[in-house]
Amino acid sequence: MTQGILIKNAYVIDPLSGIRGEVMDIAIRDGRIVEEAPPGSQVIDAGGCLTLPGGIDSHSHVCGTKVNFGRYMSPEDMRAGRTSRKGVMHVTSGYSVPTTFGNSYRYSTMGYTTVLEGAMAPLEARHTHEEFTATPHQDMLANTLFDGNWSVMEAVRDKDVKRAAAIVAWTLAAVRGFAIKLTNPGGTEAWGWGKDVANIHDPVPHFEVTPAEIISTMIQANEILRLPHSVHLHCNNLGVPGNFRTTLETMDLAPPAQGNRQTLYLTHVQFHSYGGTTWRDISSKSEDIARSLNSKPQVVIDMGQIMFGRTTTMTADGPMEFKLYMLHHNKWSNHDVELETGSGIIPVYYSRKSLVNCVMWAIGLELALLAKNPWQCLLSTDNPNGAPFVKYPEIIALLMSRRMRENERKEIDPRTEHYVPLFALERELDWYDIAVMTRAGQAKALGITRIGKGFLSPGAQADVAIYPLKPDQLDPSVDYQQVMAGFSRTLYTIKRGRVVARDGDVVVEGANSTIWTRSRVPPGYDMGSDPEFTKKFDQYYTVRLRNYPVQDVYLPRGVCIETEAAL
Amino acid sequence: MRVILKTRPRKKPHVPIEAEGIIPQNFLRKNDLSVYEGNRERHLEDLFFVTVEGPAVSPDQVEVILTGDTGRIKRVGEYMNAGRIIIEGDIGMHCGNFMSAGEIIVRGNADAWLGREMRGGRILCEGNAGDYCGAGYRGEKRGMRGGTVEVMGNAGDFVAEYLSGGEVIVHGDCGDLPGVEMRGGTLVIGGNCSRPCGNMTGGTCMVLGDPGELLPSFRRNGSTEAEFGGKKFRMAVFRGDVANRGKGTLLVREDLKSSRP
């Protein structure tokens, strides 16, 4: 391992340290940013190129059972994106659901060093962790699904927040998860009975709790456990015309911010901002959502932008995927995870000729342009649901260039402009906004600045991305093609003080770590010895409680964030 | 212009060769073609004696002739759009993938996936063809979309799976499930087969041999007359696949009573 690196003449934007574009040097030693590089360090001349902290994706589906199911139900996808072996790089294939190494290399060449897997079913955590180790160039985190967890729903029914918190604490530690993910809370469980929940006050069959109760209880439990991240929520009614009301109601559930951190993270909000009543009169309600967001500093969202082309949708939201299947009549997979959650997968094609798809495309961009504070609206495509993450550079260019949006307007369905406000928006994001929306905002929202992620001041982890873009010589509103090309391929991607990718090629074997959380709870709240909780395993699960936790062997380089629960 | 490619003797003749570069338009100019032998990249000249006769100004004047031990050469004629390829012996898998125009003649047998996802042009196989002749690849919703594949011998299983346009003619027998998931186009089977056209939603399939017991999801819809090989036949018409709300047509011989669902 290289002892040190000195990056000279870097045009640094580091929002968390308050650096808004300064030419400076960055010194790295033993995987950390330091004041001064040790003698004999490797010197990299950035030549005034844009230098940012390593990219962080706060919602992406890259590892785990449903991603893998997407792989084997779409062999045609493996025909795209093939690359042959090159140096240390393995053979890769696939476009929307590539091989794990494919994901890792592509993220790495785009300058991403940390990725959060958006949904991990606790029961299937081992598989997710195995794929994490095969995604070697990114530090990984796993959102853990609690949306249909029977024990949690029973605690919610009994209005026992502390018990819910104890269940979360035990499960996160057992499956090495990072944060609470709720996907269509209650809806996936209702889908097990052939139903769905129509709004957040619609009770779940048998448990008789409403999604609103589940969300509120889990937010409280999350704050009791003092987890680094907030509740990560995929709202109810995804993809249903008129669902913006549900989203607004859900945003109202978020209590005031805890310190510096949000209390509710809404993911892929584009899919939740539809007006109208049917697919025929679907319209954009991004303005309503953005207005609510701008008045609530306690909420953070990510875009969930869709981009035109082929992709695969996969989510724990089983009923939604069934509705999509009824539209497309193509392949469909549905999956039930015992007492926890479910999932569904179908391949889709987003077309410029489809008015619905064009409206969806516009909504994502509108959310980013209408959100006043870039820290509150992060860039994502909900990879691969909206588009594979390799489209991020194109989204960045669209956000930075009104001219590019106008050019795209000529290509899409001409009726679109009557349904969306996008083309009236003049805002063009700047380099700082993009730096916030692709790394600093994620680091803050996920609460991983405490382990040195997302910034470049001394003490931070040495995750750095140097892009071949010279912000002082480039006008992104005109040169959007260059912006796109630049963000697709770094000059250097440095992870933990090692150059991992150069000019689009990965140059070393990776060694990532998996970040997980453990909340210390008083002995009375240890679910591992709770008879009622153990009975669930004995009676209903296919595994016993003692066999359920993920062994350390699955996390060769685990990084645990410990918190003290206020129980 | 005529390009003759004669295989050189190889130490390991069983290692397959992937030769998607062998298409007429690539020989128009002298350029260095490479092919893969197993996982090793090779120059075309390392594996073939190459002889070029005469000039050509456009790809449709180029004729490529493959001779020798050609049974393990895969992907010949992939994305071909003009000219002609004549294979004197057998040919390996995936011959004529995605071809859009031109002609391929195989004097021997063809391995699986002959003319897979073809869009146009013509393939004539004088011997037998393997499985998935004129089919779509794994996971693909649409297979062959245009052009003609004619097999003088027999063909394997899953002939014309996902056929959505064009014509597949097999003079001999077919294996199991020919025309399964058909969406359009025409499939003609001169000999016997089993379980034709499951899940078909469109197109026409004609079986002149014994199709065995038809799938129960086809509904009788009158009779008609058809001609094949200069002979006239009374054909029973079936519509289906009813289970898939299909509107395809399956024609079977009226005189073969064994084939009623």
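This section describes selected helices, strands and sheets of chains A and B in a predicted model.

In chain A, helix α2 spans residues 100-109. Its 10 residues are buried, 10 of the 10, so the helix is largely enclosed by the rest of the structure. The buried set consists of T100(A), F101(A), G102(A), N103(A), S104(A), Y105(A), R106(A), Y107(A), S108(A) and T109(A). The elements of chain A that cover these residues include strand β7 (112-120) and helix α3 (125-133). Also included in the cover are β20 (492-495), β21 (498-502) and β22 (505-506) of chain A. Just after α2(A), the backbone at G111(A) adopts a positive phi of about 90°.

Strand β7(A), one of the elements covering α2(A), is itself buried in 9 of its 9 residues, so this strand too is largely enclosed by the rest of the structure. β7(A) has parallel pairings with β6(A) and with β8(A). Strand β6 (residues 55-60) of chain A is joined to β7(A) by 4 bridges, and in this pairing S60(A) lies opposite E117(A). Strand β8 (residues 139-145) of chain A pairs with β7(A) over 5 bridges, with L116(A) opposite L141(A) of β8(A).

A further sheet in chain A is open and contains 3 strands in the order β15-β17-β16, with antiparallel pairing. The edge positions are held by β15 (309-315) and β16 (333-337), each with a single partner strand, so one side of each has no neighbour in the sheet. On average, and ignoring direction, neighbouring strands of this sheet are turned by 15° against each other. The antiparallel pairing of β16(A) with β17(A), residues 341-350, extends over 5 bridges. In that pairing V337(A) faces T341(A) of β17(A). Helix α1 (residues 65-73) of chain A lies across β15, β16 and β17 of chain A. The direction of α1(A) is at about 45° to β17(A).

Helix-helix packing in chain A is illustrated by α12 and α15. Two packed helices are described by the angle between their axes and the distance between the axes. For α12(A), residues 392-400, and α15(A), residues 480-488, the angle is about 145° and the axes are 8 Å apart. The crossing of α12(A) and α15(A) is right-handed. From α12(A), the residues in contact are Y392(A), P393(A), E394(A), I396(A), A397(A) and M400(A). These meet Y480(A), V483(A), M484(A), F487(A) and S488(A) of α15(A). Classified by residue type, the contact of α12(A) with α15(A) comprises 9 nonpolar, 1 polar and 1 charged residues. An α-helix has 3.6 residues a turn, so residues three or four places apart point the same way.

Chain B contains 1 helix and 17 strands. The radius of gyration of chain B is 20 Å, close to the 18 Å given by the globule rule for 261 residues, so chain B is as compact as a globular protein of that length. Along the principal axes, its C-alpha atoms fill a box of roughly 60 × 35 × 30 Å. Of the 261 residues in chain B, 48% are buried. Among contacts in chain B between residues at least 6 apart in sequence, the share joining residues at least 24 apart is 36%.

One sheet of chain B is open and is formed by 4 strands in the order β4-β3-β2-β7, with mixed pairing. Its edge strands are β4(B) and β7(B), the latter covering residues 73-74, and each pairs on one side only. Strand β3(B), residues 34-37, and strand β4(B), residues 40-43, are antiparallel and share 4 bridges. Y36(B) has E41(B) as its bridge partner in β4(B). The hairpin of β3(B) and β4(B) has 2 residues between the strands, and in this hairpin G38(B) takes a positive phi near 60°. β3(B) also pairs with strand β2(B), residues 17-18, in the antiparallel sense over 2 bridges. In this second pairing Y36(B) stands opposite E18(B).

The contact of the two chains involves 4 residues from chain A and 5 residues from chain B. The side of chain A that touches chain B is made up of 1 nonpolar, 2 polar and 1 charged residues.

Definitions and conventions. Residues are numbered from 1 along each chain as its sequence is written. Chains are lettered from A and ligands numbered from 1 in the order in which they are written. This is a predicted model: local features need pLDDT of at least 70, side-chain atom pairs count only at pLDDT 80 or more; totals for chains, interfaces and linings use all residues. A residue is buried if 20 or more other C-beta atoms lie within 10 Å of its own, exposed if 12 or fewer, and partly exposed in between; C-beta atoms are placed from the backbone. Two residues are in contact if their C-beta atoms, placed from the backbone, lie within 7 Å. The radius of gyration is taken over C-alpha atoms; the globule rule is 2.2 Å times the number of residues to the power 0.38. Ala, Val, Leu, Ile, Met, Phe, Trp, Tyr, Cys and Pro count as nonpolar, Asp, Glu, Lys and Arg as charged, and the others, Gly among them, as polar. Axes are lines fitted to C-alpha atoms, for helices over the stretch in contact, and angles run from 0 to 180 degrees between N-to-C directions. A crossing is left-handed if the near helix is turned anticlockwise from the far one by less than a right angle, and right-handed if clockwise. Two strands pair if DSSP finds at least two bridges between them.
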